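Here is a short briefing on one model. Look over the sequence and the fold, then read the points below.

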Amino acid sequence: MHGVGPVATAPVLVARGLTKRFPGVLALDDVGFAIRPGEIVALLGQNGAGKSTLIQIFAGAHPAGGYDGDLTLGGEPFRPSSVAEAEAAGVALVPQEVNVVPDLTIAENIALNDEPTRWGFIDIGERIRRAKAALADFGLDLDPALPMSALDLATQQLVVIARALAKRARLLILDEPTAALTENESRRLFERMRALKAKGVAIIFVSHRLGEVFAICDRIVVMRDGRIRGHHGIADISRRGVVDEMVGATGADEDTAPAGDSATGAVALELRNFNVFDSGGRRRVESLDLILRRGEVVGLFGLLGAGCIEAALAAYGAWPGRHEGAVLIDGKAATIAAPSEAVPLGLGLMAQDRRDCLIGDQSIADNIGIASLASISRLGILDIGAGRRRARDIAASIAIKTASIDAEVRTLSGGNQQKVQIARWLAASTRILIMIDPTRGVDVGARREIKRLWSELAARGHAILIASTDAEELVDACDRVVVMGHGRRVGELAARDLTEQKLLRMATDG
Amino acid sequence: MAEQNVTVALDPAEPAPPSRGFLRTLAGASALRNSMLLLVLAGVWLFFYFATNGTFLTQRNLVLLALQTSIVSLAAISAVMLIVTRNFDLSVGSAVALVGVVLALLTVKHDVDPALGVLAAIAAGIAMGAWQGFWVTRIGVSSFIVTLAGMLYFRGISMIATNGATVAPLPRSLTGLATGFLPPAFSIGAILVATLGYASLRVAEIRRAHGLGILGRMPPAIFRAVAPAVLAALAAAWIASWQGIPYLVVLVAMCTFAAEFLMRRTRFGAQLYAIGGNPEAARLSGINLTRAIFWNFVIAGLGYGITGVALTARVSGAIGGSAGLFLELDAIAAAIIGGTSLSGGRGRVLGALVGALLMGSLNNGMSLMNVPTFYQDTARGIVLLLAVAIDQLSRRQSVRR
């Protein structure tokens, strides 16, 4: 598995004794790391393990001097004090969240902060040429003059990666690059990664999708609690072994699939002949029929643009366009034009992007209380003590890890933020939970815990609908999965038949 | 589970980090920023005390200062409520002038009963607020534009209706509202009752927080919560012992209490903070943004009404062209100095009141020192800049800690 060439060369980046403290937390504890040209190294670990801190130090996001230990790049001491400095030295980080300026063109986004100039003025022709070259180099057939907002999320992500590649990076750091990509797009990204590898570029690949890691990487580095817990050649370890090392347990129990006798519950949510249109009038979902029973976890799977996310949002009244057809809640017809009409009917939504659902600057208690202010107030006057007590009890019951419910939500890890959302809907006595890509950007350990929480909620009689573009998150969590393709229902799989391969096959056939 | 608890490791003996929402920590979470502002105010007062040979801190001057500050304070209350939801109101000054015109025309020109006139004027204010709320929430024009337009046409209508002339004098029963005093004995009694009520509420809250295990030791918390109120009450009682409390100040106190209650103790207030903190999150949580913001503007309209009546009574007539000029800017400045965040989700009415008092003190003190008005404006501008800068710096420091 190890190529002869890369192993023989000197490392491009070496880190020794990296230690970084945040108030009250030791984020990195004496971390050593090395990567050679032409190597692809997976950096794995749960949220809070120290991965982000480590790659941010490499990329100059934590200025040199704020941590102990030293770095060398190509044998020279490397002390970046800013992202720009690290990029100039050949280290480029593509962050997990897609950060683009939607109103600027693709070319302008690619050139951002590095505009080609002639006599102090921006050289527009050169900018287009460079953008074209960057896109072509990455196999993207796009017009650089298009505005970024005309692209879907996945294509935007590819443009961001193309931008980083255009900077002639020696070390490229990809933080969960495939989270928003379809299978096909991921494959394209992997092809490009292999081409870069052949050119001698070193790549650090952070991902929660182990299948991808084993497909593309040469080595795996596992972190836990701010330390490196294992270095492995890809051939020397199994998926199971990696997960155990991340979680810090040996022989950890496999996820238990939820119990199967789910069809017995009463129908909680039903969509009949449900059609969804976007604001331009284009049909995004066509004649969808869907039944969700109490005590059931049902997946709604499709590739990006297949209509499953649109259908879920429309059922909640959060889709910006029009929808037609019947929505029945507990067998009664309902018209839901806005979330404020959905919540009183017992619906709750967890959106694709946590930042759309949480108020980062406000406390856990506030975020839990926000959807159920009515039940802690009388005649519009809040019972603040009751609200706090309820928030504290619910937070404890689903094990939100925090010292205080007064902590601001943005200080929590991704998995804990996801739990705050669940707590919010528990506080609101919500019976029907609609989740959209709920474990996106959540690490393996927290995924397990959250999935366990879903089956607990289902067992207590909640109905859960998970609209997802990620087959992996549905497979061991759902009682059944409805598969969509091109806006139509193309099939359904029961829990016993559920595999990633079958889901993808069905979705791509449709 | 406990050993994984590394993301947030706070020493329980430390004060809780400031959370900005409606369930904020009961005892003194915002103590740092409030005390900062109070310290600046104390410094300014001390300076003027020496610079004016003691005139500044006489009972007589402090009553005057309270009266001078009252109009800006009233306007600042609704400014805070709107800025918390990321909305601006540039129309306050003109709207207040128009309310005054309604009041003056009815009572002076048409001999309408003063009480009815006041009701009509307040109704006019509410209608103006609802009108602007309609454009913001139903049509979707940004509040900046809607109220910028309002600033122009409310002023214009005031001038048209009065033909640019002053409508005066108001009936004595109305001017009495602005010039009258609650007698000293009554005033001190009222201060006593208010202080006792406030203290017992806070003590009950702290008891409950203690019972929930949210708070550690009780006596220091009670002291922190009650001591400033007792100090303020003593000062107020001393000032009131001269002539009593002006009705206008009583009005400001009542409006402040009502607004604080609305913002911090009701469902509506919690919704406003949530909307300002993250509008999308508020919407997806089932909050009806359109309705909440519409009512936000209606309440601002009630503010126009009350402020307009108070101002008109104070100057004993309506001056369409100049009444309330730049009031919106003073109100926004007071809110910002008082800690309201322009990016929404954070702000307190009490803070804005202290902000208004700070600006008012500068005016009053410099006038006593015979500083020309040009210099006064310059000084106030610099104070606004410094106040916000100090706030930013201290907040950055508290984040670092």
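Helices (H or I, at least four residues) and strands (E, at least two) are DSSP runs, numbered from the N terminus. This is a predicted model: local features need pLDDT of at least 70, side-chain atom pairs count only at pLDDT 80 or more, and totals for chains, interfaces and linings use all residues. Residues are numbered from 1 along each chain as its sequence is written, while chains are lettered from A and ligands numbered from 1 in the order in which they are written.

**Helix 14 of chain B**
- Helix 14 (residues 349-368) of chain B has 20 residues. Its first and last C-alpha lie 28 Å apart, close to the expected 28 Å (1.5 Å times one less than the number of residues).
- Of its 20 residues, 16 are buried (20 or more other C-beta atoms within 10 Å of a residue's own, with C-beta atoms placed from the backbone).
- Asn370(B) follows helix 14 of chain B, with a positive phi near 60°.

**Sheet in chain A**
- Six strands form an open sheet with mixed pairing, in the order 6-9-10-3-11-12. Strands pair if DSSP finds at least two bridges between them.
- Strand 6 (91-94) and strand 12 (227-233) of chain A each have a single partner strand, so one side of each lacks a neighbour in the sheet.
- Strand 6 of chain A runs parallel to strand 9 (residues 171-175) of chain A, joined by four bridges. Val94(A) is opposite Leu174(A) in strand 9 of chain A.

**Domains of chain A**
- Chain A is divided into domain 1 (1-90 + 169-252), domain 2 (102-167) and domain 3 (267-346 + 431-509). The bounds come from an automatic or database domain assignment.
- The C-alpha centres of domain 2 and domain 3 of chain A are 35 Å apart.

Conventions
A residue is buried if 20 or more other C-beta atoms lie within 10 Å of its own, exposed if 12 or fewer, and partly exposed in between; C-beta atoms are placed from the backbone.
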